[in-house]
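Reader: I am new to this structure and would like to learn how to read its features. Could you take me through them with care?

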Amino acid sequence: MELKSITVYLVEDDPDDQYLLKLMLQKDPQFEYRVHCFARLNECLASSDEETPDLILLDLILPDSTGEETLVTVLDNYRHTPVIVLTGVDMGDIGERAVGIGAQDYLRKNELSQTALGQSIRYALERHSLVKELHHRAITDYLTGLLNRSAFIERLDHELAHAERYKHMFAVASIDLDNFKQVNDTLGHGVGDKVLIEFGQILEKCTRRSDTPARFGGDEFVVLLTRLESVDDALDIVAKKHQELIAALDEYVISQVGDKVDLGLSIGVAVYPSDGTSVDQLLIAADKALYKSKRAGKNTFYLTGKA
């Protein structure tokens, strides 16, 4: 049976400990390990842009970093990688503190064995995978797979801080499916859910890589539009994307739903900082713009300051 390949960063300055750990990993029957050894923390950090390891075995006492600071630095640079800390005999309760900071586990060097190392690695990988899955569920809309409301608001808050610091412009687009209630009333909620799922996929395909789509609930969607040069730039992007979304939605409705419903798409856009400088202000402004879009006849878009 082919073994699962695991990439390990071994950050350890003692050659004897490096050799012993590599030997133990080679004898592990569960995985095939690709081990990259680093004697200094900076050497490990320099590889952060090259690849993401599956696991990091970290000695906290290195020539260029010592103690808890070593772990904090690694966690900051490898946010999505589980870390097992290696501690010395005379390092007290630093192992327990390391787990409290964010390490998955710790091993005392004087108690190292192939069995203990293998068990610790499997525990770290399984726990990390579980935490990752729980986090994904917490931020994801259960139906469409897009970000949910709370995750989008957190992302928007982050973008606000970034824009305030670097004087960038961005926009929030509030999107609503016109006549969606007709789908549920005429064809049933099962078909309605399929329409929402499909539109979520359409929205994800039509947005730029720098933008963030999300579903707030029902047929209400939002998109964070970043890297804007001006209000006119926002207008051009929204106008183009509105046409793309309409075309894709029409194609799906015609092929899968038929002519029993007349779905449309209304969009309201609020621009930072002219329409608001807080999360609440921008979301309220985008909703007001959406309302104006619907009053204008639906199946259109409205951007504050631009007809």
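Author: Let us begin with D59, where an unreviewed UniProt entry places the feature "modified residue: 4-aspartylphosphate"; positions follow the numbering used here, feature names are shortened, and annotations may be inferred rather than shown by experiment. The model is predicted, so local features need pLDDT of at least 70 and side-chain atom pairs count only at pLDDT 80 or more, while totals for chains, interfaces and linings use all residues. Residues are numbered from 1 along each chain as its sequence is written, and side-chain values use heavy atoms, leaving out hydrogens and water.

Reader: Is D59 buried or exposed?

Author: Buried means under 20% relative accessible area, exposed over 50%, and partly exposed in between, with a 1.4 Å probe and protein chains only. D59 has 4% relative accessibility and therefore counts as buried.

Reader: Which residues are linked with D59 in a network of salt bridges?

Author: Side chains of opposite charge can pair when their charged atoms come close. A salt bridge here is a side-chain nitrogen of Lys or Arg within 4 Å of a carboxyl oxygen of Asp or Glu, and the network links E12, D17, D59 and K109. Within it, E12 forms a salt bridge with K109, their closest N and O atoms being 2.8 Å apart. Because E12 lies in the loop between β1 (4-11) and α1 (15-26) and K109 in the loop between β7 (105-108) and α5 (114-139), this pair ties together parts 97 residues apart in sequence; helices (H or I, at least four residues) and strands (E, at least two) are DSSP runs, numbered from the N terminus. E12 is buried at 0% relative accessibility, whereas K109 is partly exposed at 24%.
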